[in-house]
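Hi everyone, thanks for coming. Let me put the model up on the screen, and then we can walk through how its pieces pack.

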Amino acid sequence: MEENEIFDVIIIGGSYAGLSAALSLGRAGRTVLVIDSGEPCNKQTPYSHNFLTNDGSKPNTLRQIAREQVLCYPTVYFLDGLVLHVAPVDDTYQVATKNKQVFTAKKVLFAAGIKDTIPITPGFGDCWGISILHCPYCHGYEFKNKKIGVWGNADMGYEMAKMLSQWSDNLTLFTNGTSTLTPEEVNSLNKNNITVVENCIEAIEHENGKLIRLHFKDTEPEQLDAVFTQLAFIQHCDIPAALGVEFTEKGFIKVDRTMQTSVPGIYAAGDCLTHFRSIANAVAQGNKAGATINRQLIEEKFAI
């Protein structure tokens, strides 16, 4: 790998979506550089589920296997590093890293994911991804028929409580303050034996990230096995915004059916696009992005 080499594609983010795209592109004989900072959103999660053939595997193990398999292709390279800047130069893009390395590519794929905004409540960060979770499909089965809390309010809290009722009939919705649910929503929850608790949560008692109790400001603690919630987030990489890429109202990168953003030559895949965060979905998006980028490079070669 040479810094003055023009790669077909540089992929920013070397987790599931990025490696999946690199695999497709490597099998197409494309020269690819994957740059990864080593901060995946599920870094703290001990096990991943609902990924066919690898249900219950450790996320880091999956990444290591994927990286080894992708690097079997001689035109794919991997660099541990942090990208700080991407700029268009003629018909290419220059990508600069924190270590002052500069690489050039015909296309750039952003697969850096998102960063959850962790509440300051003591214990929350320690439990996030272990016993405070975001996805019933990824983790609900492990807490089936156990005592589950939903941390949320308004439509988010109501919808997540409805969803979790498929996994457990021992549910409590914690609004962490005055409820903003509609009377109809409260009535619907109560009819399905889901209690709404408005007390403010002061701390989370846990043992090595495994939830024990929620502690409240004015009432006695409540013992729970798990809590499900959806957090606010920011994009893990702010470079797409600097390039003028268009975003959705909810803060996700907007792409077309070819996974290309509103900026020509800039693509995106993975958690940076959608609330539907799972390894299976990230792999699928990366696979599609790799194929569509390769197709675009072919079309440009044959352009009349």
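So, helix α1 (residues 16-27) and helix α2 (residues 59-70) have axes that come within 10 Å and cross at roughly 20 degrees. Helices here are DSSP runs of H or I with at least four residues, strands are runs of E with at least two, and both are numbered from the N terminus. Axes are lines fitted to C-alpha atoms, for helices over the stretch in contact, with angles from 0 to 180 degrees between N-to-C directions. α1 and α2 are therefore roughly parallel to each other, a label for angles under 35 degrees.

Before I go on: this is a predicted model, where local features need pLDDT of at least 70, side-chain atom pairs count only at pLDDT 80 or more, and totals for chains, interfaces and linings use all residues. Residues are numbered from 1 along each chain as its sequence is written, and side-chain values use heavy atoms, leaving out hydrogens and water.

Which residues of α1 and α2 meet? On the α1 side we have Tyr 16, Leu 19, Ala 22 and Leu 23, and on the α2 side Pro 59, Leu 62, Arg 63, Ala 66, Arg 67 and Val 70, with contact meaning heavy atoms within 4.5 Å.

Now the sheet. Its 5 strands are open and parallel, in the order β8-β15-β9-β10-β11; pairing takes at least two DSSP bridges between two strands. β8 (132-133) and β11 (195-197) are at the edges with a single partner strand each, so one side of each has no neighbour in the sheet. Strands β9 (residues 148-151) and β10 (residues 171-174) are joined by 4 bridges, and Ile 148 has Leu 171 as its bridge partner in β10. Finally, helix α5 (residues 154-164) lies across β9, β10 and β15 (226-229), at about 155 degrees to β9.

Note on methods
Parallel < 35°, antiparallel > 145°, perpendicular 65-115°, else oblique.
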